[in-house]
Amino acid sequence: MTECVIRGERTPSCARPADVGARSPECAIRYEGVSFSYKPGVPFMEGLSAAIPAGAVTSIVGPNGCGKSTLVKLAAGLLRPVAGRVEVAGHDTGELASRERAHLMAVLAQSSRVPPMTVEALVACGRHPHLAWGGRLGPDDRAAVEAAMERAGVARFRSHDLRQLSGGERQRAHVARTLAQDTDLIVLDEPTTYLDISACHDLMALVRDLNRREGKTVAMVIHDLDLALRYSDYLVVMQKGRVVDAGPTDEVLASGAVGDAFSMDICPHDRPRFAERGEDFEGRAETERGYVLYPRRR
Ligand SMILES: Nc1ncnc2c1ncn2[C@@H]1O[C@H](COP(=O)(O)OP(=O)(O)OP(=O)(O)O)[C@@H](O)[C@H]1O
C-alpha cells in the first residue's frame with residue numbers, strides 16, 4: 001500500500017509512484033512499503049512509502065508521537081523495518097556499515113545525553129568518518145571543525161565543557177558537529193529545541209544557505225510550523241504512523257493536511273500587509289512569508 005500522497009509539477013521524479021522500486025540519485029531518502037513495530041504484534045507503521053527529495057529542504061511535521069523520529073531512526077539505521085526498504089542515496093540503509101552511512105548522511109538526533117567533553121572535541125567527532133582508523137585530525141579536518149563552529153555560532157565556547165553550556169548553546173554545538181561531518185544529506189531531528197526565536201531563524205537561514213549555496217539536502221523534523229512553512233521546499237505530514245500528505249510546501253498547505261493534523265487554521269501573511277508597513281516585499285526572499293496559526297474550536 002502506498003500511503004504517501006505526492007502531487008504537483010515540482011514533485012521530484014523520485015517521489016512518483018511509478019518510480020517506487022527503482023534506484024534514483026534524485027531521491028535522498030526513500031521509504032518503500034515500510035512496516036515497523038516497537039512491540040511485537042502491535043504494528044506502528046504499515047506499508048509506509050515516502051520520499052525525501054535530493055537538493056531541497058524538507059520538513060517532516062505532525063503531532064507528538066506520530067512517528068517523525070521513528071522515520072529518522074529508520075533512515076539512520078538505528079531501527080530496522082520488519083518489512084519494506086529504506087534507502088539513503090539509493091543504498092539500502094540497513095546494509096550499510098555505519099561508517100559508510102556516515103559518509104552519506106549526518107544526523108542530529110534528539111538526545112538528552114550530555115557527554116563530558118569540550119565543544120571542540122564534540123564537533124571534531126563529526127570528522128571521525130573521514131579519518132583512518134586511529135587517525136588524528138589533519139589540517140582539512142581542523143579547518144572543517146573551525147568552519148562548523150563558526151557557522152553554528154559556538155566558536156567562542158570551543159574550550160567549554162558541554163555540561164557548562166545552556167541548552168541552546170549545547171544544541172548549537174551538536175549542530176556544529178553535524179556540519180563538520182560534511183555530508184550531502186543532513187537530517188535534523190528537532191534542531192530548534194532550546195533555541196530562542198532569533199537563534200531559530202539564524203539556524204533556518206543556515207539551513208537555507210547550506211541548501212542554496214552548497215546544494216546540501218536537508219530533512220528536518222520540526223514542531224514550529226511557522227518555521228517549517230517559511231523555510232521548507234517540501235513537507236511530509238504524518239499522523240499516527242502514516243504519511244497523510246507530502247509534496248511542495250504551498251500545495252500541501254493548500255490541501256489542508258497540515259491544519260488538519262494539528263487542528264489549526266493557518267493563514268499566510270498577505271503581501272499588501274508588508275506594503276502597508278512600508279516594506280519592499282518584492283525585495284524579500286520568498287521564504288520570508290509569515291503565517292498566523294489559530295487553534296480550531298473544538
Ligand atoms: N523505544 C520505544 N519503544 C516503544 N515505543 C516507542 C519507542 N520509541 C517511540 N515509541 C512510540 O512510537 C511512537 C512514535 O514515536 P516518535 O518518537 O517517532 O514520535 P514523534 O512524532 O517523533 O513524536 P514527538 O513529536 O513527540 O517527538 C510514539 O507513540 C512513541 O511512544
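A: Domain bounds here come from an automatic or database domain assignment. On that basis the chain splits into domain 1 (1-89 + 184-263) and domain 2 (113-183). Before going on, a word on provenance: this is a predicted model, where local features need pLDDT of at least 70, side-chain atom pairs count only at pLDDT 80 or more, and totals for chains, interfaces and linings use all residues. Residues are numbered from 1 along each chain as its sequence is written.

Now the meeting place. Two residues are in contact if their C-beta atoms, placed from the backbone, lie within 7 Å. By that rule, 11 residues of domain 1 are in contact with 7 residues of domain 2. On the domain 1 side, β7 and α6 (197-214) each supply at least two of the touching residues, and α6 gives the largest share, 3 residues. (Helices, H or I of at least four residues, and strands, E of at least two, are DSSP runs numbered from the N terminus.) That side of domain 1 divides into 8 nonpolar, 1 polar and 2 charged residues; Ala, Val, Leu, Ile, Met, Phe, Trp, Tyr, Cys and Pro count as nonpolar, Asp, Glu, Lys and Arg as charged, and the others, Gly among them, as polar.

Next, the core. A nonpolar core is a set of buried Ala, Val, Leu, Ile, Met, Phe, Trp, Tyr and Cys residues joined through C-beta atoms within 7 Å. Buried means 20 or more other C-beta atoms within 10 Å of a residue's own, exposed means 12 or fewer, and partly exposed is in between, with C-beta atoms placed from the backbone. The largest such core has 74 residues, and A75, V123, A148, A176, V187, L235 and V237 touch the most other members. Strand β1 (residues 27-36) gives the most to this core, with 6 residues. Both domain 1 and domain 2 give residues to this core, so it lies between them. Zoom in on A148: leaving aside neighbours within four places in sequence, A148 is in contact with V123, G126, A176, L179 and A180.

β7 also has a strand partner. Two strands pair if DSSP finds at least two bridges between them. β7 (residues 185-189) and β6 pair in the parallel sense over 4 bridges, with M105 opposite L185 in β7. In β6 (residues 105-108), M105 and V107 point one way, A106 and L108 point the other way, and all are buried. In a regular strand the side chains alternate between the two faces of the sheet.

β1, the strand that gives the most to the core, also belongs to an open sheet of 4 strands, ordered β2-β1-β4-β5 with antiparallel pairing. Its edge strands are β2 (45-53) and β5 (91-92), each pairing on one side only. β1 and β2 run antiparallel and are joined by 6 bridges, with V34 standing opposite L48 in β2. Out in β5 you find H91. H91 is partly exposed because 14 other C-beta atoms lie within 10 Å. The C-alpha atoms of H91 and P116, 25 residues apart along the chain, are separated by 34 Å.

Stepping back, the chain has 10 helices and 12 strands, and 40% of its 298 residues count as buried. Of the contacts with a separation of 6 or more, 65% come from residues 24 or more positions apart.
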